[in-house]
Amino acid sequence: MLQGYPGGRYCEDVPSSASSPDDNAPAEELPDGGRRELRIAYVPGVTPGKWIRRWEERMPDVPLHAFMHDGGAGVEAVRGGSADMAFVRLPVEREGLSVIPLYEEQAVVVAPKGHEISVFEDVALADLDQESFLDVAALGGPEAVLQVVATGAGLAVLPMSVARHFNVKDTVARRLTDAPGTGIALVWATEATDDVLEEFIGIVRGRTAQSSRQPSAQPVKAKKAPKPDRRAGGPKKPAPKVAQRYAPNPDKGRGKGSRKKGKR
């Protein structure tokens, strides 16, 4: 399913302090005595605010810190250890990573203000074959290429969420009807998977707090009390009583009146 801008919100919806509301709340402790926290990186255009708020409601003892990264730097942040998880645009190099595809973004073409595409709600890429398109990567990324588009030097194809996020003046964007969408995915180092990461994965996938697949919803097993040690001279358990024996009943198993009567 194509989504132009997930949730209809901008990246400004991310809380200014993407951490637990109560910084003094006790957090999960690491073996070295430090505090456990969750670090999330995301590309421009992704709006993780709703997931962050759900995390703060369910896991107030584990602070979450979110920061924006540019393009493939999110994967490098995960590989380098500066982020636990990242929202990235596909494709990425998947070696050593766990990847969950989430949704696809709608593609748009961005032109300078006053361009003829302004009179349409959407256009076909095939109708723009006479136009000059700019290389986004070669010009330093989306924000830089939009500045160049505003000068009238050419057009650019971007995800709709990116065009809306930077919202450069003197440009206009229209949906492309025949261009493939861009996939958004959540990635993390496979070997680093633990209950904290599994909890966030469940939130992103829409699991409720009571879901049996959420680590936080698993019941804590009560420890059984140890059995008393009777070898140290404690009170001994009384021996079971021996069942009372009775003489065999001569009438058992016989019909009524089957007992033989002696001679008189």
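Helices (H or I, at least four residues) and strands (E, at least two) are taken here as DSSP runs, numbered from the N terminus. By that reading, the protein chain holds 5 helices and 10 strands. The model is predicted: local features need pLDDT of at least 70, side-chain atom pairs count only at pLDDT 80 or more, and totals for chains, interfaces and linings use all residues. Residues are numbered from 1 along each chain as its sequence is written, and side-chain values use heavy atoms, with hydrogens and water left out.

Of the 264 residues in the protein chain, 38% are buried, where buried means under 20% relative accessible area, exposed over 50%, and partly exposed in between (1.4 Å probe, protein chains only).

Salt bridges come next, each a side-chain nitrogen of Lys or Arg within 4 Å of a carboxyl oxygen of Asp or Glu. The structure holds 4 of these salt bridges. One of them joins the side chains of Arg36 and Asp194 (2.7 Å, N to O). Arg36 lies in the loop between β1 and β2 and Asp194 in the loop between β10 and α5, so the pair ties together parts that are 158 residues apart in sequence. Arg36 counts as buried at 11% relative accessibility, while Asp194 is partly exposed at 29%.

Asp84 and Arg39 also meet through their side chains in a salt bridge (2.9 Å, N to O). Here Asp84 sits in the loop between α2 and β4 and Arg39 in strand β2, 45 residues apart. Asp84 is buried, with 16% relative accessibility, whereas Arg39 is partly exposed at 25%.
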